[in-house]
Structures are given as structure tokens and as C-alpha cells.
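Subject: Handover of a model, with notes on sheets, a pocket and some backbone geometry

Dear colleague,

I am passing on the structure below, and my notes follow it. Please read them alongside the coordinates.

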Amino acid sequence: MRGISAFWIVLAAVLAGSGCGSSGGGSNSPPSVPVVANHTEVADGPAWDFEFFWNASTDAEGFTPVSYYAELYRTNASGVPTFPFDFPNAGTLYASSGWTTALSWAVQDAPNVEEYVLRVKARDLFGAESDWGVYEEDSLGSCPFLFSWDGAKYAFESDVIPSGRLATRGRVGYLRPYPIDYYVMMTQPAPKNGAYELRLTGERDEVEYVDEVQLLALYCPETSALVAERAPLGVAIFPGSERIHTVRLPLTPPLSALHVNTGQDVTAVVSATDDDYVTLNDDPNVGYDYQTLELNLGDLRGAPQIKLVLDGQSVFPTTPEGSARAALFGKRTRIEVPAAGGIWTEVARDVVEMPNLTGFRRVIVMDLTDAFPADDFRVRLTWLFKTHVGAILVDTSADVPFRAVPLPLLSAALRNRGFSGRTAGERYELVYDQVAARSPAYFPGAYTKYGDVHELLTTGDDRFAIFFGGDEIALRFEPAPPPAPGERLGFALMTNGYYKDRRIDLAATVEPLPFAAMTNYPYGPGEQYPSDAIHDDYRALWNTRTK
């Protein structure tokens, strides 16, 4: 990890041969390996002040208190550290915490030209020590990120084009990327200097390929709200703005909700949009498997439509081992309903398909109107990855017409900015005003030159604004006309593009470039990025920032 980076992930694997062991005292089993949950960092001139937080270890013998020992190492090589990290040979000890019962450790004045790796272990009352838990930089990838000016700050929204990931490996091959994302914004943009100002940022060591952006002003009845479906991985076609639905307020909770794997009644947890979440799978990299929530929606006979509104997020694998485990499974998600006789049956893909929740909180909707073959309105939702489910609410109103008004893109500037800070916890948000400048580990290739990229973003034509972590596109849109009496004004950002991260099993390079007509990525020898006057000129004139 880099000392000036704001992103970190937990590496689930425990390093062997770390020199830890049991000692004396009668305890036969050491405490569990502590898991570093998050960190904070604050710029202090040429240095950074860190604070690391970890979860409490459990002791198999019940001995308390458990104490902890953390070490922060400087890495001896340039670039992003590779894992498993060889602490004795590839690093130099920078600081250690000493044994402490606290669940955090602060490090002051760490030079911001260094890269660091943290590890922490636990010890019980009789001296039995756990293996080391390792904490590393989160530079693996997670789509471009969206911020919008809310009148006081650039508020964090979410990641965008999550289904545009290139070279996602499934059990039977690569999953086709889907580049178009309609994201209904949580923030009401406020004009700044006569325009709505949005930011698309690169926050990870990955390549972003943005082809088109469009901000839509959405006008619906004030008794309703707007929520969008999300395209699942592997689809070839997924309709656009018609996948934005109206839902009547207030939404209705399910009659009951059961965590099938544990038998836990989670009705209260999923019945409200708050900070209380059901967590499916404990680790994003090790031992995760399909976990299911079963919902009873009540008697919905005669309902004009049946829509589920989901609030939550997934935590995707972050290590090669975690990604390799994902390839052992088929579909990442599954939705089932009772058929005649109460037999659980998977809903056909052409009726409805449940996507993964994204890596950051996003509210999505699924239209289940045609999913129930019998008058039994129970449903099972299954996820493979570690997933936090905050709320699952029901709407039975028919979609009502709403107006979608495209707002003119006034300007778009590609530039270097740095990396955003973050809030605490696994379900964190990014903080635009906390900026860390670091040198990314670029994928070799040709990136789009800094400056005005308005021409590249007004239509989908395979002419991308190509950028990397630390870059951003500053977008300015014409403000929306005010809503009419009885209307509610909302916004949706349509983004068309792709991204490529280090978790894939292809070369970490900018090229080959994706394009809309490709049958998949990677594409075969019979396909190629368009070669004509328009696209040849684009590559020669725009993509001149070579790394």
C-alpha cells in the first residue's frame, strides 16, 4: 500500500512462516487472526497521519483480554506491492504498536513518498499468538466514481458502469460486458456558476473508458419516487430509460424475511432504509458461498405491478485466490419463486434477472410482476459474494408516466486531480475534498490527453475518454427547468463505457480497446476495434498521453 493512498483492502490469506507461535500458559488454541477493517489518513505537509482499526479477535479458550501487535513496513520496491508480501526480505519495519488491548493504532508523520504494508496479530492472556493478518492497498478496481455538487460540497454518489467490467471470468468463459448504466442519483444537484457540476473520478489503478455521458432531469408525481434497474453481467441488450420505474411512497416492508442459511429472522432489519444491514458471507475472498434470503410479500393477487426495491452493496473478491474461487461457481445471483405445489423454481432470465449489488451503496428495483406462476408470493434472493442487504421493500403500484429531459452538456474537462479520501468502515464512502496525490501504477498504453473532451462524450461512437486512477472528468450541465406543481424533480446519469482492472487474467494494458459491436472481451481474431478515418484520427489526435 502507498502511504499517500486513501484506499485499502483486507487481504484474507494469512501468511505462513511468519514466526508466530503458541507459548506457554495452558492455552492450546491461539486467538483468531485480527482483521483490519479500515483506516483514516490526514495530510500533514510532506507526511501523512494514519490510524488503523481492526476487529476484535476471539479466543477459543475464552481467555481475556486479547491484546494486539501491529507493524507497519516500508516496501523496498517501487510500484504496487505484490502479495503475499515477503515482510522480512521485501520490506523494512517502519513502526510498531507494541502490545495493546486497543482496537486501533495511530501512526504520525509517515513520509508521503513511501509505500507501506501493515500487519497485525493477536495474543491471549497466556501468550498464545495468532498468525498475522495483512492489510494492503485497495488498487484493484471498482469502476469510475460519481460526485455531484449539492450546494455545499461534491457529494459522493456511487460507482457507475459496474457491468462494463472487461474480461470478467465465469465458470464457462468470459462474461460479456454491458457498457450502459442508468444511475438515479441520491443527491439533488445544485447549480454552481450557472451549471450543475458533476465529477467522474478514477480512484483505483485501473483503466476507465468513457464513451458517452448524459444527465437526465426526471419529472414524476410528487407522491412517487424513481428507481432504476441495474443491468446484470453477461447481457447483450438491456433497455435504457424504460428500466427506470416509479414507486409509490411510502414503500411496504415484506411480511417476513428469513436468512435461510442461518435460520435468522431478519424482517426488522430489511424493513427500513437505515444503517442496519444483513451480512451474507463473512469474507470476500475465503469460503464464500451462495446465501439466501426468503421473503413473504403477502397476498398480492390483483396487484398492477410487483416491484422489489433493494438497498445494499456487495463486497467483491480482492485477491487472486478470491477471484479464482468465483470462477468455480456459475451465476453470481439467483431468484426463485414457488411453482405449483410450493416447489422452489428459478425465475427465467427473460422474465427477471437479479444483478449483484454494486461495490458501493446503490438502491435498485426489480420488476417481479410476471415472476409468480402461482398465487404464492414468496421469493428467494440468493447472492454468491459477501453482500450487505440494508432494505428490501415492496411496491405494488403501476408505473406512471414521467418526463425525462436530457440536459445539455456544457463542458467536459479531463485532468489530473489525485485520489479521494474515504470514511471509516467496510461500507465506506469517498470524500472528494480529501485529496491524496500519489503516482499510480499505470497500465502501459496510450491515454487521452488532458483538456477539453466534450466532443468525445456527447455520443456513443467508440471514441473514449481514456483515463486512470488519479484522473477525473469535470462535467458541467445546463440546469433543469423547475418542476410543475405536483411534480417531483430527480436526476439520472446515463454513462456508456467500460473499465479494466488488475483482477482479470489478461495483460494489464490499455489496449486492445473495447468497442460496442464486439461480441465479447477479449474478442477473437475475427474482430477488431474500428479502423476508419474517424477512429484512426481519434487515436492519433486524442490518445497521446503515453504511459
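In what sense do strand 21 and strand 28 pair, and over how many bridges? They pair in the antiparallel sense, over three bridges, where strands are DSSP runs of E of at least two residues and helices are runs of H or I of at least four residues, both numbered from the N terminus, and where two strands count as paired if DSSP finds at least two bridges between them.

Before going further, please note that this is a predicted model, in which local features need pLDDT of at least 70 and side-chain atom pairs count only at pLDDT 80 or more, while totals for chains, interfaces and linings use all residues. Residues are numbered from 1 along each chain as its sequence is written, and side-chain values use heavy atoms, with hydrogens and water left out.

Strand 24 and strand 25 run antiparallel and are joined by three bridges, and E336 stands opposite E346 in strand 25.

**The second largest pocket**

This pocket has a volume of about 530 Å³. On a 1 Å grid over the protein atoms alone, a pocket is an open set of points where a 1.4 Å probe fits, with protein on both sides within 12 Å along at least five of seven lines, and lining residues have an atom within 4 Å of a point; grid points are joined across faces, edges and corners, and the volume is the space filled by probe spheres set on the points. The lining of the second largest pocket comprises 25 residues, of which V184, M185, A225, L226 and V227 lie nearest its centre. Among the elements that give two or more residues to this lining are strand 23 (307–315), strand 26 (362–367) and strand 28 (386–395), while strand 37 gives the most, with four residues.

**Backbone geometry**

Most residues other than glycine have a negative phi, and most peptide bonds are trans. The bond from E511 to P512 is cis, with omega near 5°, and a cis peptide bond also joins Y521 and P522, with omega about 5°. P512 is in the loop between strand 37 and helix 5 (533–541), and P522 is placed in the loop between strand 37 and helix 5.

D109, in strand 6 (residues 104–111), has a positive phi near 60° and is partly exposed at 44% relative accessible area. N281, in the loop between strand 21 and strand 22 (291–296), has a positive phi of about 70° and counts as buried at 6%; buried means under 20% relative accessible area, exposed over 50%, and partly exposed in between (1.4 Å probe, protein chains only).

Best wishes
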